[in-house]
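Open the model in your viewer and follow the stops below in order. Each stop says what to select and what is there.

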Amino acid sequence: MILISSVLLALDDPLVDNNSIILKEIDLVVTIIFTIESLLKILAYGFLFNGEYSYMRDYANVLDFIVIIFSWVSIFSEANL
């Protein structure tokens, strides 16, 4: 999914409006999949205070969490404009 997301970012051209609708839909699907993955990890390991294997005690998971938050903010901010 990270590879697909990276390819979509490379294909996104702000000057061309034809692909933007399709890319936004695919971005939404990828964001939903990443969110589900994150929620499953949080359910399995705990969020922060469940020992050394908690979700937010791994730097890669912290980065994933920040990316997911910014993805949802960008999706909702475009919808409200």
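**Start at one residue**

Select T31, which lies in helix α2. The model is a predicted one. Is T31 buried or exposed? Its relative accessibility is 3%, and under 20% counts as buried, so T31 is buried. Now show what surrounds T31. Apart from neighbours within four places in sequence, T31 is in contact with S71, W72 and I75.

**Widen to the helix**

Next select residues 20-45, which make up helix α2. This helix has 26 residues and runs 37 Å from its first C-alpha to its last. Colour the buried residues of α2: S20, L23, V30, T31, F34, T35, S38 and I42. Then step past the end of α2 to G46, which follows the helix and has a positive phi, near 90°.

Which residues form helix α1? Select residues 2-11 and keep α2 in view. A pair of packed helices is described by the angle between the axes and by the distance between them. For α1 and α2 the angle is about 155° and the axes are 11 Å apart. Because of that angle, α1 is roughly antiparallel to α2. The crossing of the two helices is left-handed.

Finish by selecting the residues that make this contact. On α1 they are I2, S5, L8 and L11, and on α2 they are L23, I26, V30 and F34. Sorted by type, the residues of this contact are seven nonpolar, one polar and no charged.

Note on methods. Residues numbered from 1 in each chain as written. Predicted model: local features only at pLDDT ≥ 70, side-chain atom pairs only at ≥ 80, totals over all residues. Heavy atoms only, no water. Helix = DSSP H or I, 4+ residues; strand = E, 2+ residues; numbered from the N terminus. Expected span 1.5 Å × (residues − 1). Buried < 20%, exposed > 50% of the residue type's maximum accessible area, 1.4 Å probe, protein only. Axes fitted to C-alpha atoms, helices over the stretch in contact; angles between N-to-C directions. Parallel < 35°, antiparallel > 145°, perpendicular 65-115°, else oblique. Left-handed = near helix turned anticlockwise from the far one by under 90°. Contact = heavy atoms within 4.5 Å. Nonpolar A, V, L, I, M, F, W, Y, C, P; charged D, E, K, R; others polar.
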